[in-house]
Amino acid sequence: MKNNEHEFNQLLSAIIKTTHFVKTEVIQTLWSGYGEIARFETVEPDLDKFSNGPDMTFVVKHINPPVIQQHPRGWSGTISHQRKLASYDVEAEFYQHWANKTKPFCALPQFIGQASLSQSCLSSKMIVMSDLDREGFPTRLTTVSAENSKICLRWLARFHALNMQHDPLDNWPNKLWPIGTYWHLATRAKEFDAMEKGPLKDAAVELDKRLNNCRYKTLVHGDAKIANFCFSNDLAHVAAVDFQYIGGGCGIKDVVYFLGSCLDETTLERQFEQLIDDYFTELHTALCLFQSAFSRREIEKEWRPLVNIAWADFERFLAGWAPLHAKRTTFSHRLTVAAIATLNK
Ligand SMILES: Nc1ncnc2c1ncn2[C@@H]1O[C@H](COP(=O)(O)OP(=O)(O)O)[C@@H](O)[C@H]1O
Ligand SMILES: [Mg+2]
């Protein structure tokens with residue numbers, strides 16, 4: 001057995017408190033060969049360590065960046081590589097310190113444990129969590145109807161209500177990203193430079209500023225696309241995964257990114273405004289549920305004008321990253337133009 005495999009098994013045994021387990025399925029390899037996410041099963045029928053019962057299954061996100069990228073002249077110095085590594089630290093931090101207290105209100109995997117591996121590279125680690133398929137969320141979708149998107153809007157609204165802040169302290173949200181999402185301007189200089197000259201590029205700094213300067217801030221999931229939600233078979237319940245870009249920000253950033261990720265242009269044309277209304281209704285319900293001190297009215301007053309701004313801000317990312325992206329539709333252009341027009345008022 002290779003050294004790092006041995007270390008992996010040892011650390012995993014310590015976390016799940018048995019040496020008897022098997023990997024049953026690689027669910028997915030991580031982006032650019034940074035590791036894999038896999039399903040495991042304990043094989044001792046009499047062991048009942050966790051609530052799942054004797055044949056417990058669990059999921060391990062094993063981050064194991066390619067060795068070449070650790071080379072001094074490799075990619076290790078690049079911004080995107082460092083950011084990727086930091087994002088796994090943030091995700092592990094979220095699972096360790098935030099996930100289990102969030103779970104009763106917004107479904108997500110239960111945190112079981114985490115460990116750093118020393119063998120292959122310094123940034124190698126594992127996050128061990130419960131298996132959402134076993135917890136009633138076995139369905140994955142790539143698109144949804146407007147109707148079915150509402151359950152995700154509810155998840156987001158609850159998550160935002162639960163973590164709502166007004167003028168948060170400088171150190172909030174601790175070791176999560178100070179600004180959540182993977183596309184915000186400060187981290188996308190290369191894409192910004194690649195943008196063609198024009199009104200969107202001219203407006204980029206101001207769009208970003210408007211979003212960052214909002215006073216009601218919450219935790220944004222940061223990559224709330226449809227692929228990062230796991231559904232119950234009847235699509236009535238949903239859980240979220242993939243918290244690498246979680247951090248502070250205006251909740252609307254999650255909402256517009258989510259709707260853009262799963263609805264086609266025609267549906268967006270017809271239903272976008274209604275779905276934004278639905279989100280605010282869910283936010284209100286959730287704030288009441290959590291007996292929040294914050295008023296929906298005040299939050300909505302600040303966040304509504306940020307809907308088009310947040311849309312345009314993501315469009316700014318696409319314009320630099322993949323100018324010919326299919327999501328750059330007429331609808332998207334219309335919202336972007338509308339957002340830019342509000343900046344000078
Ligand atoms: N705890 C879990 N239980 C069941 N499925 C999971 C779990 N965590 C992740 N998955 C599945 O694996 C996929 C990839 O995981 P994710 O954390 O999103 O990795 P990546 O960063 O590569 O996108 C998810 O989209 C989801 O379908
Ligand atoms: Mg993912």
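Let me start with two strands: β2, residues 35–42, is joined to β3 by 7 bridges, and the two run antiparallel. A strand here is a DSSP run of E of at least two residues, a helice is a run of H or I of at least four, and both are numbered from the N terminus. Two strands pair if DSSP finds at least two bridges between them. In general, strands of a sheet pair through backbone hydrogen bonds, either parallel or antiparallel.

Before going on, this is a predicted model: local features need pLDDT of at least 70, side-chain atom pairs count only at pLDDT 80 or more, and totals for chains, interfaces and linings use all residues. Residues are numbered from 1 along each chain as its sequence is written, and chains are lettered from A and ligands numbered from 1 in the order in which they are written.

Back to β3. Opposite V60 in β3 stands A38. β3 also pairs with β5, residues 125–130, in the antiparallel sense over 6 bridges. There, V59 stands opposite M129.

Is β3 buried or exposed? Mostly covered: 6 of its 7 residues are buried. Buried means that 20 or more other C-beta atoms lie within 10 Å of the residue's own; exposed means 12 or fewer, partly exposed is in between, and the C-beta atoms are placed from the backbone. For the protein, 40% of the 345 residues count as buried.

Now the ligand. Which residues are closest to ligand 1? They are V59, P109, L132, V241 and D242, out of 18 that surround it. To be counted, a residue needs its C-beta atom, placed from the backbone, within 6 Å of the molecule. By class, the shell has 11 nonpolar, 2 polar and 5 charged residues. Ligand 1 lies between domain 1 (3–130) and domain 2 (146–343), because both give residues to its shell. The domain bounds come from an automatic or database assignment.

Elsewhere there is an open sheet of 3 strands, in the order β6-β7-β10, with antiparallel pairing. Its edge strands, β6 (165–166) and β10 (247–249), each pair on one side only. β6 meets β7, residues 216–220, over 2 bridges, and Q165 has K217 as its bridge partner.

Last, the overall picture. The protein has 10 helices and 10 strands. Its C-alpha atoms fill a box of roughly 65 × 50 × 40 Å, taken along the principal axes.

Conventions: Ala, Val, Leu, Ile, Met, Phe, Trp, Tyr, Cys and Pro count as nonpolar, Asp, Glu, Lys and Arg as charged, and the others, Gly among them, as polar.
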